[in-house]
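Dear colleague,

I am passing on the structure below for you to look at alongside my notes.

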Amino acid sequence: MTALGYTLPAVVAVLAVCVLEFAVLRTGLFRRAVYWISMVIVLGFQIPVDGWLTKLSAPIVIYDDRHTSGVRFPFDIPVEDFLFGWAMVTAVLLLWERQRLRDQRRNETP
Amino acid sequence: MDNWQYLVVLAACLAITAPLELFGTGVYRQAWRAASAVLPVAAVFVVWDVIAIGGHIWSYNPQYVTGLELPGDMPIEELLFFVVIPLCGLLTYNAVDAILVRLRRKRKQKAPST
């Protein structure tokens, strides 16, 4: 089977993070401008860092191409890395926001 | 020296984002809140990583890692990755948030009072 080893779990991770927000935490993170601006900046830094880690000329991380879609862009970054990175950073921001909302609620109801 | 490459990349990420701590209420200054956001997610991604390493889906070039490994053949660098990159994300988010709050306050001050 091709692409199942990385592509499939990467897509599942993105869906799981969406479920975490919309069904469990409901922080409203996706409606905040600060989130989208931050993610554009994070993406801007992911490209050089991830590009360095995955460059085919001297890779630090080596992928088995049978487990990826084979699409590498930009540079030699497997596109799955962007799903992986989005899921990881967004999940952390969701938990961070949950704490902020908890503190807010605590301040409103003394 | 090549063996330090992955660690140096991570250290550079921490160094570049460190000044962002000066914005707003910071991230490192809220260590407990940061830990309770970063560590549960890191735990899930470590499990994913160990499964992927075991399944030979990805591997690490021995030339560019220190060789210090955790159970599951996971390089110590990869564990640090799951702490360092989320911290960079939190620092970015916290700084952007502080800047937006400041801009909004300024706009309010400029607007004629009605």
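**Notes on the two chains**

In chain A, residues 24 or more positions apart account for 70% of the contacts with a separation of 6 or more, two residues being in contact if their C-beta atoms, placed from the backbone, lie within 7 Å. Before going further, please note that this is a predicted model, in which local features need pLDDT of at least 70 and side-chain atom pairs count only at pLDDT 80 or more, while totals for chains, interfaces and linings use all residues. Residues are numbered from 1 along each chain as its sequence is written, and chains are lettered from A and ligands numbered from 1 in the order in which they are written.

Chain A contains three helices and one strand, arranged α-α-β-α from the N terminus on; helices (H or I, at least four residues) and strands (E, at least two) are DSSP runs, numbered from the N terminus. Its radius of gyration, taken over C-alpha atoms, is 17 Å, whereas a compact globule of 110 residues would have a value near 13 Å, the globule rule being 2.2 Å times the number of residues to the power 0.38. Along the principal axes, the C-alpha atoms of chain A fill a box of roughly 60 × 30 × 20 Å. Of the 110 residues in chain A, 34% are buried, that is, 20 or more other C-beta atoms lie within 10 Å of their own, with C-beta atoms placed from the backbone.

Chain B has three helices and three strands, which follow one another as α-α-β-β-β-α from the N terminus on. Buried residues make up 29% of the 114 residues in chain B.

As for the interface, 27 residues of chain A are in contact with 29 residues of chain B. On the side of chain A that touches chain B, α2 (33-54), β1 (61-63) and α3 (80-108) of chain A each supply at least two residues, and α2(A) gives the most, with nine residues. The residues on that side divide into 22 nonpolar, four polar and one charged, where Ala, Val, Leu, Ile, Met, Phe, Trp, Tyr, Cys and Pro count as nonpolar, Asp, Glu, Lys and Arg as charged, and the others, Gly among them, as polar.

The chains are also joined through strands: β1(A) and strand β1 (residues 58-60) of chain B run antiparallel, with three bridges between them, and A:V61 stands opposite B:Y60 in β1(B).

With best wishes

Note on methods
Pairing = 2+ DSSP bridges. Buried ≥ 20, exposed ≤ 12 C-beta atoms within 10 Å, placed from the backbone.
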